[in-house]
Every structure is written in C-alpha cells, then in structure tokens.
Amino acid sequence: MSTRMPGFAHRKDYVAAVMLVAAFALAGWKIFNRLPAPNFAVVVQRSVSSVNAPRSLVEAATAATAATATSLPQQQRSVDGRFHFDARFVSSSPGQAVHAASVAEMRDGRLRAVWFSGSREGAGDVAIKTAVMDAASLQWGEETTLFDRTQLQHGLWRYVKKLGNPVIARLPDDSLMLAMVNVSLGGWAGSSITWLRSTDDGISWSAPRRLVTSPFLNISTLVKGAPIFYENGEIGLPVYHEFVSKFAEILRVSPQGQVLDKTRIPGSQTSLQPVVLVEDSRRAQAYMRSGQSTAVMMSTTADAGNTWSATRATTWPNPDSALAGVVTGTGQQWLALNTHPKNREVLALLQAPVGGSFEGAMPWTVEASPHPEARFSVGNYERLLSDELQAHGASPAQTQAYVASAKRQLCGADICAQEFSYPYLLQSRDGYLHLVYTWHRSRIKHVRLDPLQVLQPDAGSPVQSHAAPTAH
C-alpha cells in the first residue's frame, strides 16, 4: 500500500493541475471571445416634473420639496465653510459594528438605505439591515433586518459563514436590485456575490441567487460600488477580486441576475472596489481604492467598456479606503473619498465639471478630525462622540452603547482614532446629493446637500442655489 501512495498522489496532483488549467483556459476563452458590450445609458437631466411616473408620485415629490423648504431646521455649515448640508443618523442598533451602507430612491421620493450590522465585521451574527427616510422630514425610520445568515442559507441551499457589503440600486426596469457579499469558507477572499430583486421598493425580495463569475469554484468576487447601465437594459456591476492578488473587473449582468460577460481592468493589481462614472454613451472613468495605501487609481474607456486603459495613479492620496461616485443630471461628476494620505479621519467630496477632471479640484470637506495626524485620549474621544450623539437625540443609554462600540473598534489602550469611511453617493429626483457613510464604525450617517451651491468669490462661503425644480 505504501509503495503505491506516492504515484497515486502524483496522479491526483496531475489531474488537479489539468482541471485548474482547463478552468482558467475556459475563463480566458470566455473573456477573449465575448460579444461587444452595448453603449452606456447616459444620465439625463433629472427633475421631478420630467420623471416618467404617475401624476400622484410627481405631486408627492413636489409636496415633499415644498415641505422640506418650510419645516426643516437650518442647515449646517461645513467645517471648511464651503457649503451647507443636512445631516442625520440612519437608524442603527446601539452597540453594534456597522459598515458599508448604500442607498436607493423609492418611487414616492423616500430613500431606502441598507448596511451590515453585527458584533464585529465578519462575525456570524452580522445581518443586512435597512431603514427608510421620509422625504419631507428627512427623518429615518426604525431599522429592520433584511437578511441574516440563516435566511440566506435557506435561499441559497448552501452554508453561509458571513455577510458583507450590500449594494442597493434601482434598475432600468424600475425594480430594485440588492447585491451582497457572502462567504461559505475562509475569509473575504472566498467571497461570492448574492443577487436579489424587488418589484415593491424593498418590501419583498426574490429568492437569492449566486452570480457565477468564475468557472473555478466561483469564489473571490466582491462588490462595493454602484452599478452602471447599458442602453439595452443590461447592468454593469463593478466588482473586485481578492484571492492571491487584487484586481478590478466589470461584470455585465442581465436584469434577471445572469452574468453575461466580464472585463478585467488592466494593470489594476493591488487596486479594488472600482467606482465607474459614465461620461457619455462610449466614455467612462473607473476610480479605484489602492490596496497599497498610495493614490486613487484610475482607468478609462472610450468604447463603452469593451476595453479599458492601463490603470494609473491620480494625484489624490488614498489610505486604502473605499470611494464613491455619481454623475448628476447636469453631467457633473462627484467623488467621495478620504483625502488624508494615512487614515480615514477626513471625508470629502470632489466635483468635476462636464468633461472635466478631479485633478486640482478643491475638496468639499464633509467631516474631519480637528487633528488627523494626532490621536485622541480615550476620555476626549468619549466626550467628542457623546456630544454629537446627544445633539442628534440619542438617549444616555444609547450614547453609552454607541461610544462603547466605537471604542471597541477604534481605540487602543490609551488612544483612539476617528473614522468617517465607506461612502456611497446618490442623486435623488429633486436634484439633491445624498451621501451615506460609516461614522466611527458605530452608526451610519446621512448627509444631504445641493450640488448647485455657488461659492462667494470674496469670502468663500456658499450661496444656496436650490437644486429642486420649481413647481409650475
């Protein structure tokens, strides 16, 4: 028996090697023999009056705009004095670790946010949570659990170890999609993507299905960025790979959740979590997080994503942190990112004009530590968070739980770091920009601002130029 084992093992290794080579050959064949992608769907000028929706929805959105103008408290001024905004905390259970929020607009003008929440990132108790914001008051309702591991296991008929990174978006057919990362074995490098659709604005969802992104085990594909769309109704889903090496890809997916094709962004090794901004029917830019904590990485396409340029570094630093982006109805491009080169203590927005570039743009600082290079003592950190939480209506017991969660994740024995990270951007039909992001790993925060604010040339303070359309 012992004399035959080496040969048997050798044959097993040979068979495994042949299967591996065949799998990658098949993947290569699929990549290099794909059909040309259709043109991108171009964002058009958004306004409530031009939305192809029932009259009742138009009236509801217009009424919400009018109510907002008269009933909301005075907006905050940004720390850099460049703009005004509304800020609210999205519901999140006190004491939990929360992260990776995304948001979509509902048919009646409300917003639905999703994120993951649990005792810690990657824990078995992590669930996908959701909450809905009232369009008139900007207040977020109570959170509910959308999916947990048990529900997903029953739907997929397979073991699920952990969940993460939910992305919600409205599809061209007016349904909502939800894509999320789930792992059955190992760490995040063993991830696959689960896909669901809703036709009733997220009240109920289809049975979950795994996106098949690789013929070899179908692992190590993750999602974070917002989808883009093609003229024929197909979806472009920016994804990234983490097994052995990191790189970015664009999946072309049918509205039913079938992967039709994928294109790797060349030279994107060590880059991940791509964000795609569509300029016109043929041109788009992909911006990526740097896994080496260097700079925001970038690639471009001029043929609707059939080919992409070699990835290059921009002049904007990136402390190994996620980005977000959106193209507004007027063609402006926006990026949300951490602009400090070493940490996630400064969160800012960059704006580029139609056909322009983010290089040299002046940041709109949303939230920042007063001293990004320094660290807070535990006592000062507790006071800083407690003051803001209580100013937003948290009870003493809730405040204590939120602060304890933040300390558990961001404090050492004597010092603490602030964190404002993992942004996600959306423009609603009334023209406002909505930014959701992780606040100190303990809450999800929502900021709403008018992208058409104009700076005073003498003082640098903005003049409100309300983005909402005028009712006629």
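1. Four cavities of 30 Å³ or more turn up when the whole structure is searched. A cavity here is a set of points on a 1 Å grid over the protein atoms alone where a 1.4 Å probe fits but cannot get out, and its volume is the space filled by probe spheres set on the points, joined across faces, edges and corners. Please keep in mind that this is a predicted model, with local features needing pLDDT of at least 70, side-chain atom pairs counting only at pLDDT 80 or more, and totals for chains, interfaces and linings using all residues. Residues are numbered from 1 along each chain as its sequence is written, and side-chain values use heavy atoms, with hydrogens and water left out.

2. The second largest cavity has a volume of about 70 Å³. It has 11 lining residues (an atom within 4 Å of a point), and Y230, I250, R252, T263 and G305 are the closest to its centre.

3. A salt bridge (a side-chain nitrogen of Lys or Arg within 4 Å of a carboxyl oxygen of Asp or Glu) joins R252 to E234, with the closest N and O atoms 2.8 Å apart. R252 also forms a salt bridge with D261, at 3.8 Å between the closest N and O atoms.

4. How buried are these partners?

5. Elsewhere, E388 and K445 meet in a salt bridge of 2.5 Å, N to O.

Definitions and conventions. On a 1 Å grid over the protein atoms alone, a cavity is a set of points where a 1.4 Å probe fits but cannot get out, and a pocket is an open set with protein on both sides within 12 Å along at least five of seven lines; lining residues have an atom within 4 Å of a point.
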